Each structure stands twice: as C-alpha cells, then as structure tokens.
Amino acid sequence: SFPVEAVPQAPEDPLFGLMRAYKADESPNKVDLGIGAYRDDNAKPWVLPVVKKADEILRNDPDLNHEYLPIAGLASFTSKAGELLLGTGSAAAAEKRVSSVQTISGTGAVHLGALFLAKFYKVNGANRTVYLSSPTWANHNQIFTNVGLPIATYPYFDKETKGLAFEGMKKALADAPERSIILLHACAHNPTGVDPTAEQWREIAEVIKAKKHFPFFDCAYQGFASGDLDRDAGAIRYFIEQGFELVIAQSFAKNFGLYGERAGCFHFVAAPSADAASITTRVASQLAILQRSEISNPPIYGAKIASTVLNDKALFAEWQENLRTMSGRIITMRTALRAKLEELRTPGQWNHITEQIGMFSFTGLSEAQVAKLRSEFHVYMTKNGRISMAGLNTRNVEYFAKAVDSVVR
Ligand code: PMP
C-alpha cells in the first residue's frame, strides 16, 4: 500500500491562490494586479488580431489534422524562433551552432534545460550550482531544485533605489566558484521590472567570461517589454557575439498571448569552434532523448499559430504592431500611475514606476501595505509588492493610485 502518511498537504501556489480570492471578491471596484497576463483597457484578455488571423488560416486548411509533431517539435516554428532571438544575420545560426527543441512554453524550456544540465553539466571540479537573481520568478527555485541542481542567489534588486543592485550582482558573480551556472532574465525581469543597461550587460558578460560561468537565459517577454523584438534580444545577442556557449529558454506566452497553448523553445548555442557542428548534433540527440521521456511530443496548435505568423512577412509585420499595442498600453499605464501618485503627493519616490519595464513593477510597498490594499480597497497583488501593470487601465489607475496613497500615509 502507498505510504500516504509520507504525503503532507502542500501550500497552495500563492499566485493562483490570489487569483481565486480575486474571483470570489464581489466588490465592483476590485482590481487584479496579480497574475502576469496581458489585459486590454477593459481588463479583458486580448486575443492578438494577428493570432485570430493565423487561427483562421489554420482552421480553413483542409489538411489540418491532429497528428503528433516530431520529438523536437515543428521545425518551421523552432527555426524561426531561434532566428527571432539571434537575429537574421546571426553567425551562430549560419554556422549551425544552434540546437532547438520545442517545449511546453517557457516553463517547459527552463525545465528541459535544467534536466539537460543536471545530466550533462559534469566536468571534473565544475561547480553545478545555479545562481538565480534575488528575487526571481519563484518557479526557478523549484524547477532547478527538482532536478537535483543546487541553487544559490546573486543580489539583483536594490531596495533603496528600486533599481539594479549592480555592484552587488557583479561581486557575487565574481565570487561564485568558476563555471557556475548563471540564470539571467533576457529582458523585463520578473518580478522587479528592472533590467541592466546595455553598458551594464557588457560588464556582466565580462565577469561571467572571466569566471568561465555558463549563462542560462530565460526569455519570456521578447517584444513585450520595449515593443521592439531586436532590442529585447539585445543582451542575448551580445553574449553570443562575445563567443559564449549558452542556453536560452524561450516563451511565446506573453508576446503572442498564447498562454494556455504552451508554445516555447529551448535552444543550445555552441561557441564558435571546429567542433561546433558535432557538439550541436550531439546536444540535439540528447535533448531528443530527454524530451521523449518527459512529453514525447510537444503540443501542436500554438506552435502552428506562431509558425504561421513567423513565416509570413505581412503577418509578422502585423504581429510587431500588436506587440507595440501591448507594450505601449503598459508604458502608458506606468506614466499615468506615476503622474497620479506625484499629483497626490504620495510620500516616497515614484520614478521607478516608469523606469522599470515589462509586465511587472516592484512598487516597494510593504507586506502590511499590500494586505491593507486588499482588505480595504479590494486590490489584489503579491505580498512582495509586485504589481502586474497589465491589470491597470484608464478606469482603475486613479482608484489604485488613491488606494496606494491611502495605505502609504
Ligand atoms: N520565465 C519567467 C521569468 C516568466 O516570468 C515566465 C512567465 N510567468 C516564464 C518563464 C514561463 O511562462 P510560460 O511557461 O507560461 O511560458
């Protein structure tokens, strides 16, 4: 019989618990700033117009079926996905130094990468510790822990400036044992909204290179952060140009609004060398074996939608327009929130609201203030003071600013 006493009750996932509480709240004023999914100005999910078009093209295709994809996924999708990250003129792609596998969105990509490292990142004396930013997307902790890789943290968020703890970060990376694994958010850092500048990325790359660390990029918001796909891939491209060998977990949840379709990729980029092609083939063969035992074949429909858009010039241009709509609305909300708080003379500095980027903002509100916002104003956000900017709109931004003003005083 199963030793059921060995199965304790686990706590509910805090984010999904928050979502439940929000749903149960009957106040007409309630505001959901918890979950990281885009909402339009009416607080409704937004199906990208370009996704609707791709969906229609697929549905009208008489040859559409529900067969299995190959183990590595839809090749027309994974190759374009890689190109999106690396850029069209990428030497790494031309030299066939990239192994790409379609995954269960970004989470699955981080997981497949973690599994691959757990199995193969074993060099004599090499350190297998994965360094995560403090704070980071909470799931990173459990994904790497679950595959048996030890985790540690590097400073990232400076509570005083509500910006990057740059010196602390560099020092921690320099102090970490050689050949550690360093997880980096490619853009729109979750949960802080704080990204290094281009110059800071250069210095970070220098430290990582000097210590022979291995970069693991998590890219969940390309194009969604600045509205510019190339700009949001800037850090990754810079590292690749510097000759790093690295891996990338790529999600299409936010930038295509394909959350539940689970479209994503994992990419291994080998460093330029005479062996690069052979390394790439070997890596791909091992990723396929891992993929087979985990999920056999990745899901087809989201990948087909993304592939339809990525492989068509006109649809691609329309997608870029849709990306600018989403990122633009979020940036407008940042400006509006900051302006309201400054107009109300809410105690404290609020410049970080517009300086941070992407889906999230780390407001600096304390746990007690967050609790008060919920009990008195029906505002739902995570305990760490993070807000999803996408939950704000022209109708509730003033209400939220006044609520913040009230709990801060
Ligand atoms: N990494 C980070 C940093 C994220 O914020 C997210 C989305 N919350 C993901 C990965 C993966 O999300 P998904 O599995 O939905 O693509």
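Me: Is Y131 buried or exposed?

Reply: This is a predicted model, in which local features need pLDDT of at least 70, side-chain atom pairs count only at pLDDT 80 or more, and totals for chains, interfaces and linings use all residues. Residues are numbered from 1 along each chain as its sequence is written. A residue is buried if 20 or more other C-beta atoms, placed from the backbone, lie within 10 Å of its own, exposed if 12 or fewer, and partly exposed in between. Y131 has 22 other C-beta atoms within 10 Å, and therefore Y131 is buried.

Me: Which strand holds Y131?

Reply: Helices (H or I, at least four residues) and strands (E, at least two) are DSSP runs, numbered from the N terminus. The run of residues 130-134 includes the place of Y131, and this run is strand β3.

Me: Which residues does Y131 touch, not counting residues up to four places away in sequence?

Reply: Two residues are in contact if their C-beta atoms, placed from the backbone, lie within 7 Å. With residues up to four places away in sequence not counted, Y131 touches A152, T153, Y154, A176, S180, I181, I182 and L183.

Me: How are α2 and α13 oriented to each other?

Reply: Axes are lines fitted to C-alpha atoms, for helices over the stretch in contact, and angles run from 0 to 180 degrees between N-to-C directions. Helix α2 (residues 49-59) packs against helix α13 (residues 301-310) at about 105 degrees, with axes 9 Å apart. Angles under 35 degrees count as roughly parallel, over 145 as roughly antiparallel, 65 to 115 as roughly perpendicular and the rest as oblique. The two helices, α2 and α13, are therefore roughly perpendicular.

Me: Which residues of α13 meet α2?

Reply: On the α2 side, the contact involves V50, V51, A54, D55, I57 and L58. Their partners in α13 are K304, I305, T308 and V309.

Me: How many residues of the shell around the ligand are polar?

Reply: A residue is near a molecule if its C-beta atom, placed from the backbone, lies within 6 Å of it. The ligand is surrounded by 14 residues, the closest being S105, G106, T107, N190 and S251. Ala, Val, Leu, Ile, Met, Phe, Trp, Tyr, Cys and Pro count as nonpolar, Asp, Glu, Lys and Arg as charged, and the others, Gly among them, as polar. In this shell 5 residues are nonpolar and 1 is charged, while the number of polar residues is 8.
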